[in-house]
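Here are my notes on the model, in numbered points. Please read them with the structure open.

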Amino acid sequence: MRTDTAPTPTLLEDYKPPNFEIESVFLDFNLTPNATRVKSRIVLSRTAPGPLELDGEDLSLKSVKVDGKLLKRTGYRLTQTQLILSDLPDHCILEIETVCNPAANSTLMGLYVSGGRFCTQCEAEGFRRITYYIDRPDAMSVFKVRIEASKTVYPYLLANGNCVESGDLDSGRHYSIWEDPFKKPAYLFALVAGEFDLLEDSFTTMSGREIPLTIYVDPGDADRALYAMDSLKRSMKWDEDVFGREYDLDRFMIVAVRDFNFGAMENKGLNIFNSSLLLADAATATDMNFERIESVVAHEYFHNWTGNRITCRDWFQLCLKEGFTVFRDQEFSADMRGATVQRIKDVRALRSRQFPEDQGPLAHSVRPDSYMKIDNFYTSTIYEKGAELIRMLKIILGAELFRKGCDYYFESLDGTAATVEQFISCFEHVSGQNLSQFMRWYVQAGTPIITVKRTNDGIKIQQTNNPTPGQPIKDNRVIPVLWSNVSSDGANDSENLSILDTSTMTLPNENGTPSLFRNFSAPVIIETDFETDDYLRLMAYDQNGFNRWEAGQTIARGLVSSMTKSIQSGNIGAPNKALKSYLNALTQTLSDENFEPAYKALVLTPPGDREILQGLNDVDPIAVNLAGKWLRRAIGDHLRDDLIDTYHRMTDDGEFSPSAVAAGQRSLRNRALSLLAARQDPQAAPLAIAQLNAASNMTNELSALITLTHLGGRRIDQSLSDFYDKWQNNPLVIDKWFAVGASRPGKNALNHVIELTGHPAFNSSNPNRVRALIGTFAMNNPAGFYRPDGAGYEFFADQVIDMDNRNPQVAARLVGAFDIWPRLDDERQNLIRDQLSRIISQKPSKNVMEIASKILG
């Protein structure tokens with residue numbers, strides 16, 4: 001839907017419940033790709049005076065009946081987005097018949113066709129593309145669904161809940177009927193019809209119920225769903241053990257589809273997954289793919305209680321289900337893959353995605369107070385920062401009270417559409433604490449700045465909450481500080497918890513170095529007056545693995561930031577004195593057998609460009625990239641012999657395992673190869689070529705290809721061509737190939753990407769393919785995207801405008817890459833401002849208009 005006038009924002013303060021309660025819903029689908037007929041039968045009860053307002057988009061209305069009586073056209077009002085009925089009785093049965101065109105639905109919202117199969121995506125506002133309905137999360141009802149289609153073309157007909165009836169019909173058609181006994185909002189509705197291969201298993205719950213588990217995949221892909229099935233069973237067991245949550249329906253199903261806007265969707269009993277987050281084997285999936293599958297399968301399953309059984313009252317409360325569930329999947333991953341390594345990965349992701357969002361023009365609170373399109377608020381702030389708020393709550397209350405609060409939440413609000421205030425009140429109830437100040441984390445945007453200074457009185461810690469768009473004044477937040485002290489002889493004091501709930505507090509100033517915010521106990525930016533020797537002490541002796549890693553990252557951030565300024569000024573002085581000490585500390589870590597390989601790989605990975613950009617202003621992003629290359633080259637030079645030794649020691653020619661231990665070994669081996677390539681070591685190319693040719697798993701094969709790409713030279717074109725020829729029939733691997741091409745460095749970076757948009761395998765209607773090429777170009781190719789002449793920005797804006805005509809959600813997510821512009825130098829700011837203005841001048845969708853206008857300010 002195009003934006004011809006300024007969109008009207010939806011405000012939290014305007015919330016009011018719907019005028020009618022939906023007691024039950026019956027949906028009858030007659031599926032054909034170009035004209036699917038949907039009949040709905042809704043039992044209504046009035047709860048407040050006023051008309052019944054039903055949402056609907058891109059529907060052909062055929063008839064409306066109230067209590068069996070067909071209404072004339074004068075009996076209702078039909079707009080582009082609503083069906084409005086006035087003067088309805090307090091209790092009535094409403095029957096509506098509509099027709100939609102799933103085959104033409106390029107938005108991938110509502111009912112659409114993907115790979116010849118019917119599929120739905122209803123969160124947040126997709127159900128209104130299926131039939132007229134009160135399409136909001138507080139309109140909850142029980143659903144019964146009948147599906148009819150060609151048996152030959154669509155042998156499997158699936159919906160939420162339990163299948164209660166199925167059978168054959170005349171003319172080669174068949175049907176199935178599904179009932180979901182649990183009330184749910186329309187956004188959790190799901191329907192799938194098509195031909196699949198099945199992977200079947202079962203899980204016995206803690207009460208002894210045997211639950212059939214089925215994963216539906218493309219024909220021939222069943223074996224590639226084995227890891228997802230294993231992850232599902234481990235998730236079900238973990239949720240019982242850790243949160244006491246047992247599965248409730250008679251069966252659990254997952255379906256993999258290729259065309260999907262999101263990663264996955266938690267529809268009750270029928271999860272629908274982007275195939276990239278469900279299918280994996282050694283030959284085609286990297287270790288990161290396996291980790292993501294494990295995490296996302298767990299996330300969507302955990303939603304059964306944190307999102308489905310208890311949902312959100314309105315979309316402003318989205319963090320209620322997403323933040324809590326991300327916290328749960330992070331805790332699960334920590335138990336599966338190691339707490340320290342997982343915490344580091346989670347914080348790195350937070351800093352690379354959420355911190356820039358919180359400090360830029362798109363900053364918004366975890367529980368926002370307005371939006372134009374709710375689709376735009378599926379953000380890192382809602383998800384990852386929302387999870388950090390739950391983590392802080394657990395730290396403040398302690399594990400025992402936190403679990404009691406969770407239990408009370410599940411018991412007292414089961415079957416409801418709840419608010420953040422109700423959630424927090426559950427923890428107040430069990431703890432007796434007043435958590436009203438903690439609520440500021442939900443309503444205030446921005447990342448607190450923590451200043452740490454040594455004084456005669458002790459370690460002074462001060463919080464500053466800077467203005468963000470629409471919030472010029474902030475109040476002090478409740479910030480949990482887990483801390484210890486590391487003495488000069490390496491001894492660690494016991495860990496303490498202090499709560500910073502005023503502007504400042506003071507900790508004891510003991511001999512040694514404070515180890516603050518252990519395990520990243522709060523999502524804050526920390527600025528200290530510590531010397532390099534303090535951080536070196538922490539790198540050497542801190543018994544908290546996260547803070548040990550963090551000390552090295554702090555030194556590295558300082559080195560790269562300093563070199564960036566030198567490159568920009570053209571005045572590169574003598575080597576930084578901290579560099580040699582930092583490199584020696586890395587050598588000690590690499591040689592220390594007490595550390596697992598996965599941890600060492602993370603220690604050897606300096607902060608990325610985007611994290612460095614957030615700490616600078618008026619910055620040339622190419623200089624940031626060059627400074628990062630400088631540090632990686634310095635690491636490679638200093639550790640050269642150790643890296644070669646590590647590369648060979650970490651080689652494993654045995655059978656592939658996706659375990660955390662095996663993945664950690666591959667991670668360290670490939671990190672060593674990458675650092676050798678950073679110094680243009682003469683052994684780097686031969687090692688990468690040999691690894692590429694001999695690789696028995698995609699992790700090593702792709703890592704070798706990426707290494708060769710960044711080494712450059714004539715060999716890379718042939719290597720990329722060979723890789724494509726080998727994997728051209730596997731779309732998930734070809735997504736990886738496009739991503740490698742999109743990040744290809746050098747002066748011809750943009751030209752390479754433009755050429756790839758014309759490649760026969762590039763499909764601009766497929767979100768995965770677009771994200772792989774266009775998204776990767778914007779985020780991981782500074783040479784092309786940040787070209788001084790602005791050609792990269794112009795190309796990118798063209799892609800956003802083109803994508804917006806088909807899929808506004810994907811287009812809006814793409815345009816968010818421009819949010820970094822206030823940090824850049826004046827010339828680049830002007831170039832990006834011109835492209836944002838051009839996008840807005842095209843009268844884009846509400847999705848793109850909201851993001852582009854906010855970025856532009």
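1. Start with Ile254: its bridge partner in S21 is Asn271. This is a predicted model, in which local features need pLDDT of at least 70, side-chain atom pairs count only at pLDDT 80 or more, and totals for chains, interfaces and linings use all residues. Residues are numbered from 1 along each chain as its sequence is written, and side-chain values use heavy atoms, with hydrogens and water left out. Helices (H or I, at least four residues) and strands (E, at least two) are DSSP runs, numbered from the N terminus.

2. Five bridges link strand S19 (residues 252-257) with strand S21 (residues 270-274), and the two run parallel. Two strands count as paired if DSSP finds at least two bridges between them.

3. Axes are lines fitted to C-alpha atoms, for helices over the stretch in contact, and angles run from 0 to 180 degrees between N-to-C directions.

4. Val296 lies in H2. Val296 is buried, at a relative accessible area of 8%; buried means under 20%, exposed over 50%, and partly exposed in between (1.4 Å probe, protein chains only). Leaving aside residues up to four places away in sequence, Val296 touches Ala264, Phe273 and Leu277. Val296 and Gln433 are 137 residues apart in sequence and 34 Å apart in space, C-alpha to C-alpha.

5. Now look at strand S12 (residues 141-150). Is S12 mostly covered or uncovered? Mostly covered: eight of its ten residues are buried. Strand S2 (residues 20-30) pairs with S12 in the parallel sense over seven bridges. Ser24 stands opposite Val142 in S12. S12 also pairs with strand S15 (residues 173-184), in the antiparallel sense over nine bridges. There, Glu148 has Tyr175 in S15 as its bridge partner.

6. Leu27 sits in strand S2. Leu27 counts as buried because its relative accessibility is 1%. Not counting residues up to four places away in sequence, the contacts of Leu27 include Phe127, Phe143, Val145 and Phe189. Lys39, Lys144 and Arg146 are also among them. Leu27 and Ile177 are 150 residues apart in sequence, and their C-alpha atoms are 9.7 Å apart.

7. Last, a helix pair. The axes of helix H21 (residues 749-757) and helix H22 (residues 767-780) come within 11 Å and cross at roughly 165°. H21 and H22 are therefore roughly antiparallel; the cut-offs are under 35 degrees for roughly parallel, over 145 for roughly antiparallel, 65 to 115 for roughly perpendicular, and oblique for the rest. In the contact, Leu750, Val753, Leu756 and Thr757 of H21 meet Leu773, Ile774 and Phe777 of H22. By class, this contact has six nonpolar, one polar and no charged residues. Ala, Val, Leu, Ile, Met, Phe, Trp, Tyr, Cys and Pro count as nonpolar, Asp, Glu, Lys and Arg as charged, and the others, Gly among them, as polar.

Definitions and conventions. Contact = heavy atoms within 4.5 Å.
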